[in-house]
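Please open the model in a viewer and keep the selection panel at hand.

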Amino acid sequence: MGEAKLEAWLEETRTFQPSAAFVAQANAHAAIYEEADHDPERWWRAQANRLVWHKEPTKILEWESPFAKWFADGTLNASVNCVDRHVEAGNGDKVAYHWIGDGEGERRTITYAELLCLVSQAANALTELGVKEGDRVAVYMPMIPEAVVAMLAIVRLGAMHSVIFGGFSADALASRILDSGCTFVITADGAFRRGAASPLKPAVDEALESCPDVRAVLVVKRTAGEIEWVPTRDHWWHEIVDRQSSTHEAKFFEAEHPLFLMYTSGTTAKPKGIFHTTAGYLTQAAATYYYVLDVKAEKDVCWTAADIGWITGHSYIVYGPLINGATQILYEGLPDSGGKDRWWKIIEEYGVSILYTAPTTIRMLMKWGDELPAGHDLSSLRLLGSVGEPINPEAWIWFYETIGASRCPIIDTWWQTETGSMMVSPLPGVAAAKPGAAMRGMPGISVDVVNEAGQSVANGEGGYLVITKPWPAMTRGIYGDPSRFQSTYWDRFPGKYFAGDGAKRDKDGDIWLLGRIDDVMNISGHRLSTTEVEHALVGHPAVAEAAVVGASDDTTGQAIVAFVTLKFVKDDHEQNHAEIIEELRQHVAKVISPIARPRQIILTPDLPKTRSGKIMRRLLQDVAESRSLGDVTTLTDPLVVNMIAGLMESSSNED
Ligand code: WT7
């Protein structure tokens, strides 16, 4: 988001007040800010009562910067908190998930009682396969109920899941399995995308060639495709899970017992295993689901339209909603599987009342035209939410007016894989909203915007977003690398957690997020590091050097533009260039994921560097976004930049 553009928006900011009807029924009320401010630790202790404890904690926070322990002497089981409790409370018949397959006709409804049976059977099967407390289990699956069941069964046993988005390549899967020492993998034979089956297990087979410690692979049959089978290692889900007993007695674990790992990109080529533990994470996921998504378990139909392979899916499809006993939509397909009005059909058919999604999807739906939503009854909607990147006011207003009929508050929620749960957001029914602003820290969360020197900025000024006090769902570190946790997040502003985002306080003191200030890109709400993509490019035998930038893009927020110098140039024939560019794009998709495939690759004989030899990425970003070039006096050869700008203009190798 450009500074000048933002400035213009701020000038004419419109403020949206929640309706009296919404305020009257909202879960949140203004007093909770004061309550939480007055004594944040007591506030969080009260929120921890949303969990069922085997042993109630007497401790709240133990803080040895940068490592926190929350509720440390309590004991509980995460899976029991999500499932068993609701059955025990007599709500077993309540629907937990309405699963909707990629194809039109595929439906499955799972009640809490049924979920308990499935999770118990899966826990028994995993036990039979040898999974035990402390193990790491990789989950590489499409959006099918078994994915949720697998996660809950793993944590039920006190093991940790490491869910890896199904769009990641075999290489990416292997490096994550190795980094965390996973010894089991749960996957499916394939997945459906717009009606077509695509295999998933071959990527697991390929990954496991370099992961000798993986002892067993559990495979859900989702498609009819033939797959390779390793009899000593592979097990069909339907053969081993279905025959298990549907009861399983859960053990209880300490509050700080490891819960899961979620890999995310940092500024280096190596993704970080973000480590989360049990009670603090569950407390904040549940409390934010209650106050920010305003869930009324008795009547709402909630839809977090995200993949369980990302933190949004963990916190707001699995843990937060289940603890609250919510009824949800679990949708396998893409927004246009079976037609571009698929989402609106689902909302109409199921009476979805709460819809939480990402700006990139909102922009895509907006581009498909107003006639599609207009053709459906969306009057069941009462709250809309956005997450993953700054939402541009145009998309916000479209979402508000066209989808929410100017009736539904919008929550713009800022948080990260590392924060575990929502951190900055307006509370619906309490705070006014401004299109494009995440507004203020949530009750019990202390955020600030600071300048280079770490001092709070005044209203109307910009700086860096920091979190000034520990919070329950905060990551307990980077798996296997405690010093990297300190240096990445805590060294820049001593005593404060630095998120990596630029931010601004407007004249009213409300917070606007301005995007990453480091070398992390945000492509359709997915985090990728420039270094990671450069690394992949340089891994190709023809590439000598690569520089990657995130250039702003109308739909995906940012898109990847790569500047590449080749080791050898066969001849200067254009045909040849087009071929190598396509080969490099496919190479990145294969090494990392199709998400990381550059929108554009510019072959250049040279890259602009400072006298000390550093590639000038900022300048390349200007070139990629066709902005006027700033100060180039430190360049060894200013001509290089002009040459690249020329190449950029004559190239257009988008999809
Ligand atoms: C980064 C975290 C949170 C779950 C999905 C992404 C950006 C996230 C917002 C928002 C502006 C946002 C930040 C953050 N981001 N939400 N509402 N407004 N920016 O999780 O992959 O860990 O990425 O996403 O840059 O640092 P993630």
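Strands (E, at least two residues) and helices (H or I, at least four) are DSSP runs numbered from the N terminus, and two strands pair if DSSP finds at least two bridges between them. This is a predicted model, in which local features need pLDDT of at least 70, side-chain atom pairs count only at pLDDT 80 or more, and totals for chains, interfaces and linings use all residues. Residues are numbered from 1 along each chain as its sequence is written, and side-chain values use heavy atoms, without hydrogens or water.

**The sheet.** Select the open sheet of 7 strands, ordered β12-β11-β8-β6-β7-β14-β15 with mixed pairing. Its edges are β12 (234-236) and β15 (272-277); each has a single partner strand, so one side of each lacks a neighbour in the sheet. Next, show β6 (residues 136-140) and β7 (residues 160-163), which pair in the parallel sense over 4 bridges. Arg136 has Met160 in β7 as its bridge partner.

**The ligand.** Then display polar contacts, meaning pairs of N or O atoms within 3.5 Å. A polar side-chain atom of Asp501 lies 2.5 Å from a ligand oxygen atom, and one of Arg516 lies 2.8 Å from an oxygen atom of the ligand. For Gly388, a backbone N or O atom lies 3.1 Å from a ligand nitrogen atom.

Key: A polar contact is a pair of N or O atoms within 3.5 Å; within protein, one must be able to donate a hydrogen and the other to accept it, and residues adjacent in sequence count only if both atoms are side-chain atoms.
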